[in-house]
Amino acid sequence: MSVTAKQVQDLRKMSGAGMMDCKAALAENNADLDLAFQWLREKGIAKAQKKSTREANEGLVSIMSNTIGTAVVEINSETDFVSRNKDFHALVKKITKIVLDAEDDAESVKDEISSIINDAIGVIGENIVFKRSSFMKGKTYNYIHNSLGDNLGKIGVLLDIKSDPEIDLTSLGKNICMHIAATGPKSLDESSLDPDAIETEKNIIKEQLKESGKPDDIVEKMLSGKMNKFFEEVVLLNQKYVIDPGVTIAKLLEENGNANSSKISINSFIRYELGQ
C-alpha cells in the first residue's frame, strides 16, 4: 500500500518522530497509523504518549456544583476568540446548570441542550459542539486550570476524596486536583487501568529490550522494573506528587492521615482537558 504525505504528517504529529522514520513505519505496517505508531515505540523512536493527529479544539471546560453533586462539561467552539466571548461563557454556564440539575441522566436533557446550542450558533456565528459531560455525586473537590472565567478554563478536575474519621480535606483536595490537572493520570490504581493498555505496554517494552540485543532471560528480569516505571507515570496513586516528588500520592494520603489520626482515601477522579 502506498504511503501518502498526509499519513506521514499525521504520524509525525502523533509520535514526534522524523519524516523518514514515519514513512518507514507506515510502509512496514500497511499505512495503519496505530500500528505504525506502535512500531516506532518498539524501535525506541516515538515517545510513550500518543498525541492527537488533529489540532486541539477550542472552547471551554466548565464545572458547577450544588448540594447534590458536581458537573463538568466540555463545549467546543471553532476559535479561541469565541471561547473568550461573554455570550459563549453564558452559554456554557447555562448548559452546565442543565447537566447539573439532570444529575446522572444527561441523556434526558440532550434535546434541550441541542436546541439551545442551535440558537446560539445563529447569534455567535460559529459552530458550537456539546462534546461531553460527567456528574459526580456527593461532596467533591474541583479545580479549573488556565481559567478564562468563573469555573471556566481549559482543564477541569473533580475529585472524590474521603477521610474516616472526617477531617478538613480542603487544602489536600485542592492540591491533589492541581496534581491531576498537571500529570493527567489514566487511572486511580493499577487494578483499574485498562488491561489492554498494560499488555500493549509490556509488548512494547519487550520489543525495545530485544532491539538492544539483550537475551530473553535479561529481558524478563528488566520488564518488571520498566512496568513499575510505566505505572508510576500513568496511575494516580503511584505517581510522584508534583509539589513534593519525594512522596507518591499514596504516601501523601498515608502521611496526612497519620498526622490527623484518620484514614484518607480517593474513591475516584474525573479529568477533562480541552480537545482530548
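**Strands and helices in a predicted model**

Trainee: Which residues point one way from β2 and which the other way, and are they buried or exposed?
Mentor: From strand β2, G69, A71, V73, I75 and S77 point one way, whereas T70, V72, E74 and N76 point the other way. Strands here are DSSP runs of E with at least two residues and helices are runs of H or I with at least four, numbered from the N terminus. With buried meaning under 20% relative accessible area, exposed over 50% and partly exposed in between (1.4 Å probe, protein chains only), the residues on both sides of β2 are all buried.

Trainee: What kind of model is this?
Mentor: Residues are numbered from 1 along each chain as its sequence is written, and side-chain values use heavy atoms, leaving out hydrogens and water. Local features need pLDDT of at least 70 and side-chain atom pairs count only at pLDDT 80 or more, whereas totals for chains, interfaces and linings use all residues, since this is a predicted model.

Trainee: Which residue is the bridge partner of V73 in β3?
Mentor: Strand β2 (residues 69–77) runs antiparallel to strand β1 (residues 58–65), with 8 bridges between them, and a hairpin through 3 residues joins β1 to β2. Strand β2 is also joined, by 9 bridges and again antiparallel, to strand β3 (residues 128–137); two strands pair if DSSP finds at least two bridges between them. In β3, the bridge partner of V73 is S133.

Trainee: In what order do the 3 strands of the open sheet stand?
Mentor: The edges are held by β4 (141–145) and β7 (263–273), each with a single partner strand, so one side of each has no neighbour in the sheet. The pairing in this open sheet is antiparallel, and the order is β4-β6-β7.

Trainee: Which strands does helix α7 touch?
Mentor: Within the sheet, 10 bridges join strand β6 (residues 155–164) to β7, and K162 stands opposite S265 in β7. Helix α7 (residues 170–183) packs on the sheet, with contact meaning heavy atoms within 4.5 Å, and the strands that α7 touches are β4, β6 and β7.

Trainee: What is the relative accessible area of N142?
Mentor: N142 is found in strand β4, and its C-alpha atom is separated by 9.3 Å from that of M64, which lies 78 residues apart along the chain. Leaving aside neighbours within four places in sequence, N142 is in contact with residues including I63, S65 and C177. N142 is partly exposed, with a relative accessible area of 28%.

Trainee: Is α2 oblique or roughly antiparallel to α3?
Mentor: The axes of helix α2 (residues 19–28) and helix α3 (residues 33–42) come within 8 Å and cross at roughly 120 degrees, where axes are lines fitted to C-alpha atoms, for helices over the stretch in contact, and angles run from 0 to 180 degrees between N-to-C directions. Angles under 35 degrees count as roughly parallel, over 145 as roughly antiparallel, 65 to 115 as roughly perpendicular and the rest as oblique. The angle therefore makes the relation of α2 to α3 oblique.

Trainee: At roughly what angle do the axes of α5 and α6 cross?
Mentor: Two packed helices are described by the angle between their axes and the distance between the axes. Helix α5 (residues 86–102) and helix α6 (residues 110–124) have axes that come within 11 Å and cross at roughly 175 degrees.
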